[in-house]
Amino acid sequence: MKHTYVGGLMLISALFFAACGKETTKSAPDTSPLNTTAVAASDADHTGMVLTPGGWRPSEKVSRLEQGQHLDVQDGRLRAIDDATGKVSKDFGAIHADAGSLPDYPGNVNSASPLARKVKPLNSGWIAYTYWTNPVSTPISYFSTTWTVPPAPSTSNGQTVFMFNGLQNSSYILQPVLQWGPSAAGGGNYWAIANWYVDGSNGTAIFSNLVRVSAGTSLTGIMTLTGSSGSNYSYSSVFTGYPSINLTVSNVQKLYWAAESLEVYYPVVCTDYPNTTKTTFSNIQIQLQGGSQAALSWSTANAVTDCGQHATVVANGTPNGVVDIYY
């Protein structure tokens with residue numbers, strides 16, 4: 001696995017901006033993030049596009065996975081399978097499989113607005129995050145993170161906030177996602193959770209049902225390796241205590257790149273971020289197949305700093321890792 005190239009990817013030159021100062025006590029961001037800022041939004045109305053935690057993409061490529069179904073790859077095609085009958089419920093088409101080992105996210109996120117909007121003063125995409133590549137061939141078998149649903153933003157300007165821990169390979173990301181604002185899964189001016197499996201090249205994006213949650217709720221997002229055969233691996237993505245939105249995918253490429261991330265689209269002012277200083281991602285645990293703890297050591301990327309946003313590693317390693325993401 002050519003994991004050493006990930007570090008090089010993250011050193012792509014980034015743009016930095018003057019902090020707009022929602023919190024005056026925010027510490028300085030890192031100086032070597034990957035640039036994920038948005039280009040200026042077009043005033044043209046590009047119909048048929050929807051927002052995912054992976055950027056904008058055509059609505060025909062985005063689907064809900066119904067309860068009682070799971071995703072499965074057979075003969076190079078991604079399909080929804082009925083759990084009870086084993087029959088194909090829907091064919092989502094050919095899977096995207098990159099030949100290399102570099103993850104698609106966050107560098108390819110399409111954050112240019114397809115909606116009829118004026119140019120926004122702030123930037124979009126993966127804002128601040130930590131990342132780690134599994135350096136050994138033994139697969140990641142368990143990745144859990146706990147965080148508390150923050151207060152809602154104090155202003156609403158059509159923005160969408162995503163927060164998640166995620167696992168990806170060179171082509172797809174599996175992620176339990178907390179969102180505020182609208183997305184293809186639904187939502188509005190409230191917090192809600194869903195599990196997603198998203199192609200990193202603006203292709204297929206599959207989501208579970210969306211469940212509303214309240215500020216102050218403790219969430220634990222967990223991705224688990226549920227089986228393997230040769231070079232094919234099966235995983236589940238869940239929020240503890242919310243079984244109706246579990247998402248399972250079978251016979252996919254190994255997931256080896258882990259992240260704790262804040263991803264935001266179209267904030268206008270700094271108060272469009274959650275009305276708090278930071279969100280703490282705690283009890284971080286990454287295990288390898290066989291039960292050993294991974295040699296986890298996070299790297300930090302602060303791609304957008306226009307409101308002083310940044311990620312800080314409070315406690316490295318596993319099973320009690322802690323990452324703070326500031327707004």
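Tyr-131 is buried in this predicted model, with a relative accessible area of 10%, where buried means under 20% relative accessible area, exposed over 50% and partly exposed in between, computed with a 1.4 Å probe on protein chains only. Before I go on, residues are numbered from 1 along each chain as its sequence is written. Because the model is predicted, local features need pLDDT of at least 70 and side-chain atom pairs count only at pLDDT 80 or more, while totals for chains, interfaces and linings use all residues, and side-chain values use heavy atoms, with hydrogens and water left out.

Now to the rings. The structure holds 14 aromatic pairs, meaning rings of Phe, Tyr and Trp (its six-membered ring) whose centres lie within 6.5 Å, with planes under 30 degrees apart counted as stacked, over 60 as edge-to-face and the rest as tilted. One of them is the stacked pair of Tyr-131 and Trp-257, at 5.7 Å centre to centre and 10° between the planes. This pair links distant parts of the chain, since Tyr-131 lies in strand β7 (residues 125-133) and Trp-257 in strand β17 (residues 257-265), 126 residues apart; strands here are DSSP runs (E, at least two residues), numbered from the N terminus. Trp-257 is also buried, with a relative accessible area of 1%.

Phe-162 and Tyr-265 form an edge-to-face pair, 6.2 Å centre to centre with 75° between the planes. Because Phe-162 lies in strand β9 (residues 160-168) and Tyr-265 in strand β17, this pair ties together parts that are 103 residues apart in sequence. Phe-162 is buried at a relative accessible area of 0%, and Tyr-265 is buried, with a value of 0%.

Finally, Trp-126, Tyr-129, Tyr-131, Phe-164 and Trp-257 form one aromatic cluster.

How values were computed. Helix = DSSP H or I, 4+ residues; strand = E, 2+ residues; numbered from the N terminus.
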